[in-house]
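Here is a short briefing on the structure shown below. Please keep the 3D view open as you read.

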Amino acid sequence: MTEGITDLIKYTSSGLYCEVADVWIDPNKPVKRAIITHAHMDHFTLGCNEYISTYETAVIIKERIGKEINIKTYDYEKEFKINGIKISFHPSGHILGSSQIKFSFAEEIWLITGDYKRQKDETCKEYEIVKTDYLISESTFGLPIFKWDEPQKTATDITKWVNSSQEKTSILFCYSLGKAQRLLNEISKTNFINNIYTHSSIYRMNNCYKKLGIDILETKKLEQTKNNTDFKGSLILLPPALNKSSSLKNFKDIQTGFASGWMSIRALRKRSGYDKGFSISDHADWIAILRTIKESKAKNVFFHHGDSESLNKYLKEKNSINVLEFEYKK
Amino acid sequence: MSLKKFSELFIDLDSCNSKNKKIGILQNYFYSNEALENSWTIYLLTGKKNKRFISGRSLKSLFSEIYEYPLWLIDSCYLKVGDSAEVITLLLRNMIPGKNIKYQDVSLDELLNKSFPELSILKEDDKKLRVKEIWENIPIENLLVINKILTGTFRVGVSIGLITKSIAKLINLDEAIISHRLMGDFIPSEESYKLLIDKKINPSELNYKPYPFLLANTFEKRIIDKSINDFQFEWKWDGIRIQLIKRSGKVSIWTRGQDLVNKSFPELVEQISSIKDNFVIDGELLVWDFKQNLPLNFSLLQKRMNRKAPSRSIQKSLPIIFIAYDLLEINGEDQRDSILEIRRNTLEKHLYNWLSESKEELSNIFKISDLIYPKNWEEVETFKKNSRDNGTEGLVIKNKKSIYTPGRKKGLWWKYKVDPMQLDAVLIYAKGGSGIRAGLYTDYSFALWKDGELIKFASAYSGLNNTEIKELDRWIRKNTIERFGPVRSVRPEMVFEISFENIQISKRHKSGIAVRFPRITKWRKDKLIKDADTLENAQKLMLNK
């Protein structure tokens, strides 16, 4: 904001911060009180005194870190108050439990989108359009070269890729939480006929989703297969951290793929060293970001995460909205 | 109809890291496709000189004008993508509506022979309309290929070697023949493809073509177990490797990069024409300093090469010589299956006759590679160490019993290069890479000390591994002082060992020196910038070489 005094949400070295409510949003350092938008580990830090999230996010986080934490949960749309500020969660369509966070204070609304997407995803609630005065949007893919294909097309490509190489073991790398479940859901709608194995980190998240009432395609846990299992023709889902690890040596004759929004760029695809890149993302692409700004009716917008330079300049040229940049404050 | 097929081939090849699989994919493609289309495919995949119908820059501005799209935004995207054709293809997806247009497949011949050449004669406005029409009438999944053909940037990791192998497999013929048939200019046509896959070998068909070159391997320690007498030793010249061909009285000069360069070196053509025999000789072209009897800098040779139809005065100020290495054909007889000893003998005998029968001018321009006779392997080391004294970059060691075969086969020839010169320099600028290195800072400039100031002396972009590139990229972003477009100046903190082959005085550079083949050989994290070399040290290298 120009005056710099009435900003309800500020950017600090620990992350986004609401001073009046004394609460951080997805802090990257331990703080007193943290609101968590979703359960990806780059949005969660251990050691805070108090956490607030949706129920689903809380369940997944506890499953991932394997211990109890002091976490309060609220349903979507349900308003709660901290220091007089009204706060509520709204679906962001990123992964199961992910949310936008709305802050209302003295007739002014601030909305933090968190990570979001506008595409269809049957494994989580669809993005909800929330009207706001101030919008803080993510901009991970803030360039017009990013335009996502229909997820069904990507899933069909994956199925084709596996089916046409029956003599090989197909290893697809993808994030264990969210991406893996979405892929399984989309693949189940294609004519996929072979076995699917999942790494324990993915298998655990599948179970977690099922527990929360989401239907997930049945897979075999990789760690429970016998030593002489023949993986020919099957699909194995692994987290990206295992690429080039020694565990890959256990498979003979493999082809590898990576499912990520970054894979729509040939240079990134080539550099990554995977045989094949499948472009699919749980973030908003350029058009979705612009659409979201418009639909939110926001008069002021900030960008957070990723490439915001081009978006800032583009919107300023269009003159349709007030683009603000965070002042960095400790 | 086959733009579609070619596009599928492109995607298949691009998402495949195995050589054998690529050969299989190509073989299938050639088998199932028409001859004319195959010939265009070979042209596109191997062509280093593909015609550029529209430059990357104009492709971007055409897009910007057609769709009223900000050019700066296209440029921002380019920094991430590194290829104009791909940027435009990705952006087109925002502009072109779904699948409601009746798409038609077209043949490569139609595109490359008709539609695209016609673009160049159109006025700007008509050109815009035509390009728009092309973009909007071709299925979106084929647009990348279209834009790449338009900008003449086809690189999918398919070398001429893979094409050769797949054709050889397809018709079950020796690779050497196919590789020979693909030498020189491959002009796409139904005939040229049919000739390529003809199982019958017509002895005269290859007449106007150079032979595939024999390439030297890097020196292997194990050969010193063998007797020194098994090998022939020569200097390794730093010029342009060429084949000098005289057949049916006509002279042609082909480079190893398969360019016909007769026009650049008319004096050589003239002198060679006076020889009575026909032949094919493998050798090296150099620009020569006759006073010092040493080769001149490689950049001067490039200058000569780029000058088509050089004037007399250029021919005089930058005189060239040809150094003969090997005799591949004499009066129509292929010599390549004879062993090196015999080929060398025949070469010497003929050269002696030619030089004694003709005017003095021929002996000025036409030399033979001098043999060196080290008595033992220790002496080989001494020769190598002193090779800079006569302007060479080391030795070439050849197995006396070897025959002349295409490519880099093991056990025939070795290059034994003198150790590079090295200086420790400070990183001062970084520039974004293009192509596969898009989005990363991979082009670096390095500086040396002079009176307490860092002076830029070389740029290099190879030598670091992928992990180091990523690490350095992160460091560069965090330590940027200033940005000028794609270039960043960075805090002088990082020291690198830079190796290079040669060092020369240069008036063009602020440092006053120019180095050849600079590359990074070590990231000297153990060194502080005050430990980096000075320009004085560089000058000392120049004097001592």
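The model is predicted. Chain A has an open sheet of seven strands with mixed pairing. The largest nonpolar core has 138 residues. In chain B, α3(B) packs with α7(B) at an angle of about 65 degrees.

**The sheet in chain A**

- The strand order is β7-β8-β9-β10-β11-β18-β19 (chain A).
- The edge strands are β7 (80-82) and β19 (322-324) of chain A, and each pairs on one side only.
- From one strand to the next, the twist averages 25 degrees.
- β7(A) runs antiparallel to β8 (residues 85-91) of chain A, and three bridges join this pair.
- Ile82(A) has Ile85(A), in β8(A), as its bridge partner.
- As a general point, strands of a sheet pair through backbone hydrogen bonds, either parallel or antiparallel.

**Helices on the sheet**

- Helix α6 (residues 286-296) of chain A lies across β10 (108-112), β11 (134-139) and β18 (300-306) of chain A.
- The direction of α6 of chain A is at about 170 degrees to β11(A).
- Helix α7 (residues 309-318) of chain A also packs on the sheet, where it touches β11, β18 and β19 of chain A.
- This α7 of chain A makes about 155 degrees with the direction of β19(A).

**Helix α10 of chain B**

- Helix α10 (residues 160-171) of chain B has 12 residues, so at 1.5 Å a residue it should span 16 Å.
- Its end C-alpha atoms are 17 Å apart, which agrees.
- The buried residues of α10(B) are Ile163(B), Thr164(B), Lys165(B), Ser166(B) and Ile167(B).
- Their cover includes α2 (19-32), α3 (35-46), α11 (175-181) and α12 (190-196) of chain B.
- Asn172(B) follows α10(B) and has a positive phi, near 60 degrees.

**A helix pair in chain B**

- The axes of α3(B) and α7 (residues 108-119) of chain B are 8 Å apart.
- α3(B) and α7(B) are therefore roughly perpendicular.
- α3(B) contributes Leu36(B), Glu37(B), Trp40(B) and Thr41(B), which meet Leu108(B), Asp109(B) and Leu112(B) in α7(B).

**Nonpolar cores**

- In the largest core, Leu237(A), Cys77(B), Val81(B), Val87(B) and Leu91(B) touch the most other members.
- Beyond its neighbours within four places in sequence, Val87(B) is in contact with Ile145(A), Ile74(B), Cys77(B), Tyr78(B) and Val81(B).
- A second, separate core has 44 residues, among them Ile245(B), Ile275(B), Leu351(B) and Trp413(B).

How values were computed. Residues numbered from 1 in each chain as written. Chains lettered and ligands numbered in written order. Predicted model: local features only at pLDDT ≥ 70, side-chain atom pairs only at ≥ 80, totals over all residues. Pairing = 2+ DSSP bridges. Helix = DSSP H or I, 4+ residues; strand = E, 2+ residues; numbered from the N terminus. Axes fitted to C-alpha atoms, helices over the stretch in contact; angles between N-to-C directions. Contact = placed C-beta atoms within 7 Å. Expected span 1.5 Å × (residues − 1). Buried ≥ 20, exposed ≤ 12 C-beta atoms within 10 Å, placed from the backbone. Core = buried A, V, L, I, M, F, W, Y, C linked by C-beta atoms within 7 Å. Parallel < 35°, antiparallel > 145°, perpendicular 65-115°, else oblique.
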